[in-house]
Amino acid sequence: MKIVSLSELDAYDAWPDVFANKWKDHRYYEIVDQTVRGFEHRYLFFQDRNGRNRGVQPIFFVRQNLTEGVPGKIASIVNRIRKIFPRFLTMRVLMVGCAAGAGELGASNPEDERWLAEALPTALLSYARQNGASLIVFKDFYAKYRSVLASLCAHGYTRIPSMPMTRLSLEYASFDDYLASIGYITRKSLRRKFRKADRAAKIDMQILTDIAPHLDEIYPLYLQVHERSPMKFEKLTKEYLAKLGQLMPERVRFFIWRLDRRIIAFSICMVHDGTIYDEYLGLDYSVALDLHLYFYTLRDILRWAINHRLTFYCSSPLNYDPKLHLGCDLAPLDLYVRHTQPLLNPIFSRVVKFLEPTRHDSVLPKFANAAELYG
């Protein structure tokens with residue numbers, strides 16, 4: 001096993017093939033490494049005893065607030081303690097996966113996934129201790145990896161649910177056909193919102209693959225949404241937005257909405273293998289609430305996706321209440337966590353279950369497949 005930086009990855013021919021069939025391939029990891037700040041990225045290159053390439057696993061270091069998103073009494077107690085001890089319940093963490101997205105195993109081939117899952121724990125524990133990390137976290141791994149990553153539990157890891165994505169089937173003839181499938185109250189509310197927005201203003205939509213000419217106008221809209229989020233991790237940069245369009249034009253779609261030539265909303269989406277992934281949203285809150293821009297933009301994205309015969313719409317975590325009423329299902333993501341100190345890990349494995357983020361969201365249990373978060 002070798003640990004390399006991004007600049008050293010050029011020497012490894014296996015790297016471009018690792019995520020070739022994923023919607024976020026090796027280009028995306030390179031974009032995040034180069035443009036999203038606050039993380040120390042590294043890559044674990046694995047070969048077996050016969051010299052065969054078995055995988056390249058992205059990892060990164062970050063200082064993480066363990067109570068991010070925890071509401072109410074617990075948060076107030078933690079905040080009081082931090083007035084005296086500013087770094088209370090913040091730790092240097094070694095994370096496995098992607099700093100701006102869900103986690104994937106970087107196996108060279110699907111049959112190498114179990115080999116990689118068995119090889120990672122020993123390598124990660126040693127490297128984490130060498131670099132002063134208190135925790136190791138497999139960040140936001142899809143539920144499809146549960147059988148492969150079950151072996152982590154034998155190495156002291158605890159699996160807890162992360163905030164899930166959501167997914168909506170698009171097997172409809174039209175957007176109106178989809179509307180007819182959801183509840184009457186939600187359908188009536190949406191139509192009222194759309195009529196109000198259409199009466200108030202003429203909003204034009206444009207779809208681009210290169211957003212660079214509009215960065216100065218759209219980036220402040222992203223920041224408005226980012227700052228309002230109750231849970232924050234990565235913070236995108238202008239460079240990220242520019243490179244995404246320049247290096248992945250066949251997958252990225254930037255939806256832009258204008259009012260009197262002024263951009264009032266945009267959404268970053270990626271299309272791959274019949275699915276559209278709605279990643280990040282930017283809104284001008286001086287008009288967003290009055291014009292119901294969240295629902296207006298969602299309508300246009302779904303309409304475009306249905307017209308292009310895509311099969312699924314996937315949305316990033318949070319903002320679950322409207323997604324529930326729009327007929328979405330949960331797409332579970334998992335965290336696998338362990339403390340690097342053997343004596344503390346049994347205690348931490350119990351405490352972390354009280355810190356896991358989903359237990360504090362009252363909407364998640366209302367989804368029909370909510371049990372899959374813990375399954």
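Author: Ala, Val, Leu, Ile, Met, Phe, Trp, Tyr, Cys and Pro count as nonpolar, Asp, Glu, Lys and Arg as charged, and the others, Gly among them, as polar. The model is predicted, so local features need pLDDT of at least 70 and side-chain atom pairs pLDDT 80 or more, while totals for chains, interfaces and linings use all residues. Residues are numbered from 1 along each chain as its sequence is written, and side-chain values use heavy atoms, without hydrogens or water.

Reader: How much space lies in the largest cavity?
Author: A cavity is a set of points on a 1 Å grid over the protein atoms alone where a 1.4 Å probe fits but cannot get out. A volume is the space filled by probe spheres set on the points, joined across faces, edges and corners. The structure holds 4 cavities of 30 Å³ or more. The largest has about 50 Å³.

Reader: Which element gives the largest share of that cavity's lining?
Author: Lining residues have an atom within 4 Å of a point. Here they are L168, Y178, Y294, L298, L302, Y313, S315, K323, L326 and C328. Two elements give two or more residues each, helix 10 (293–307) and strand 11 (312–315); helices (H or I, at least four residues) and strands (E, at least two) are DSSP runs numbered from the N terminus. The largest share, 3 residues, comes from helix 10.

Reader: How does the lining of the largest cavity divide by class?
Author: K323 and S315 are among the lining residues. The count is 8 nonpolar, 1 polar and 1 charged.

Reader: Which strand gives the most to the lining of the second largest pocket?
Author: A pocket is an open set of points with protein on both sides within 12 Å along at least five of seven lines. This one has a volume of about 570 Å³, and of its 24 lining residues, Y142, R167, Y277, C314 and A331 are closest to its centre. Strand 6 (158–169), strand 10 (275–283), strand 11 and strand 12 (329–339) each supply at least two lining residues. The most, 5 residues, come from strand 6.

Reader: What is the class make-up of that pocket's lining?
Author: R167 is one of the residues closest to the centre, and Y142 is another. The whole lining has 11 nonpolar, 6 polar and 7 charged residues.

Reader: How are helix 2 and helix 9 oriented to each other?
Author: Axes are lines fitted to C-alpha atoms over the stretch in contact, and angles run from 0 to 180 degrees between N-to-C directions. Helix 2 (residues 26–35) packs on helix 9 (residues 238–247) at about 155 degrees, with axes 9 Å apart. Under 35 degrees is roughly parallel, over 145 roughly antiparallel, 65 to 115 roughly perpendicular and the rest oblique. So this pair is roughly antiparallel.

Reader: Which residues of helix 9 make that contact?
Author: Contact means heavy atoms within 4.5 Å. Helix 2 brings R27, Y28, I31, V32, Q34 and T35. From helix 9 come E239, Y240, K243, L244 and L247.

Reader: What is the orientation of helix 7 and helix 10?
Author: Helix 7 (residues 184–200) meets helix 10 at about 100 degrees, with axes 10 Å apart. L190, K193, F194, A197 and D198 of helix 7 contact F295, Y296 and R299 of helix 10. By class that is 5 nonpolar, no polar and 3 charged. The angle therefore makes the pair roughly perpendicular.
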